[in-house]
Amino acid sequence: CSKGLGEGAGKFAFAPSAVLGSIQDGGAEKDAEKDAEKDGVQLGESEAKAWLARKGLRFPLLYKPVDNHDICVVFNPRGLASAARACRPAVVQEYVPHTGEQIYKVYALGEETIITRRRSLPLLTASETKDNWHFGRISAKTVSASEARASFGGGIDPRVAADMVALAGEMRGLLRLQLFNFDAVVEHGSGKLVVVDVNHFPGYQKCIADLGPRFLRFLARSYQAHADSLAAAGMAKPTPDE
C-alpha cells in the first residue's frame, strides 16, 4: 500500500504486517505448512522464528485475530507460537512506537475528514521474559471526560490535523472509497504518520457526535455530483429514488 501513496510516500507509511495462517511463501515450505495445518500440528517456536524471518517482521508485534478483537502484544517467538495455538488466522503487525500514547482514528465522509483521538499503548520493547500481553480492543478502552472532548476534534495539534487531512486525501485516491476510516499513530522519533488499521464503512456513530447532519450532507453532495456527471454526458437527471 505504501507504494500507492504518491507524493505522501515520504511522510506517511503503513505498519509492516503479514497474515499468519494463510502462508503465501512458495515451494516445499508452503506444502509443509499446509500439511501441518491439515494434520492439526501447531506452530512451534522454531517455526515462528522461520516465519518471522521470511516476513521480515521484528518484535514487539501486535497479534490481531481475523475473527475476533482479542488483540495481544507479542514480545518473542514463544509468545507468537502461543498466540498462534490459541487463534489462527491472524494479522501479525509490527508495533510502531508512537508519541503521547495516542492513536488517531480518522473518518472519511466523502471529501470531509473527521479526526478523533483515543488513548493507545505505552512505548514497548521486545522481551525474553514476557511472552505476550492481552488487552482486547484499543478503541474500547475507557476515556476521561477531557479525552472524550478531545476525541471529537478538540485539543489536537493543528500540524498533526493537517497531516491527517492530507493522508486522508492520499487514502481516498489509493482506496477509491468515499466511506472509510483508518487508524494512525505518530511514529516516535521520525514524526512520520503510520497507518495501523483501515476499515471500509466503519461505525461512525461511535466517534462522531453529529453524525446525522454530516451524513445527510454527504448524501446530498454525492447525489448532486452524480446528477452533474449525467448532465455532462447528456443523460437525464436521476430522481432521488434511483
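Reader: Phe215, buried or exposed, or in between?
Author: Partly exposed, at 24% relative accessibility. Keep in mind that this is a predicted model.

Reader: And Phe218?
Author: Phe218 is buried, with a relative accessible area of 8%.

Reader: Where do Phe215 and Phe218 lie?
Author: Both are in helix H6. They sit three residues apart, about one turn of the helix.

Reader: How many aromatic pairs does the structure hold?
Author: Three. One of them joins Tyr107 and Tyr204. That pair is tilted, with 5.6 Å centre to centre and 50° between the planes.

Reader: What parts does the Tyr107 and Tyr204 pair tie together?
Author: Tyr107 is in strand S6, residues 102-109. Tyr204 is in the loop between strand S10 (193-200) and helix H6 (211-232). So the pair ties together parts 97 residues apart in sequence.

Reader: Are those two tyrosines buried or exposed?
Author: Tyr107 is buried, at 3% relative accessible area. Tyr204 also counts as buried, at 3%.

Reader: Which residues do ring pairs link into a cluster?
Author: Tyr107, Phe201 and Tyr204.

Reader: Switching to charges. How many salt bridges?
Author: The count is nine. Among them is Arg58 with Glu94, at 3.8 Å, N to O.

Reader: Where are Arg58 and Glu94?
Author: Arg58 is in the loop between helix H2 (45-55) and strand S3 (61-65). Glu94 is in strand S5, residues 90-94. The pair therefore ties together parts 36 residues apart in sequence.

Reader: What about Glu112 and Arg214?
Author: Their side chains meet in a salt bridge at 2.3 Å, N to O. Glu112 is in strand S7 (residues 112-119) and Arg214 in helix H6, 102 residues apart. Both are buried.

Reader: What does Glu112 do with Arg221?
Author: Those side chains also form a salt bridge, at 3.9 Å, N to O. With Glu112 in strand S7 and Arg221 in helix H6, the pair ties together parts 109 residues apart.

Reader: Which residues make up the network?
Author: Glu112, Asp210, Arg214 and Arg221, joined by salt bridges that share partners.

Terms used: Residues numbered from 1 in each chain as written. Predicted model: local features only at pLDDT ≥ 70, side-chain atom pairs only at ≥ 80, totals over all residues. Heavy atoms only, no water. Phe/Tyr/Trp six-rings, centres within 6.5 Å; stacked < 30°, edge-to-face > 60°. Helix = DSSP H or I, 4+ residues; strand = E, 2+ residues; numbered from the N terminus. Buried < 20%, exposed > 50% of the residue type's maximum accessible area, 1.4 Å probe, protein only. Salt bridge = Lys/Arg side-chain N within 4 Å of Asp/Glu carboxyl O.
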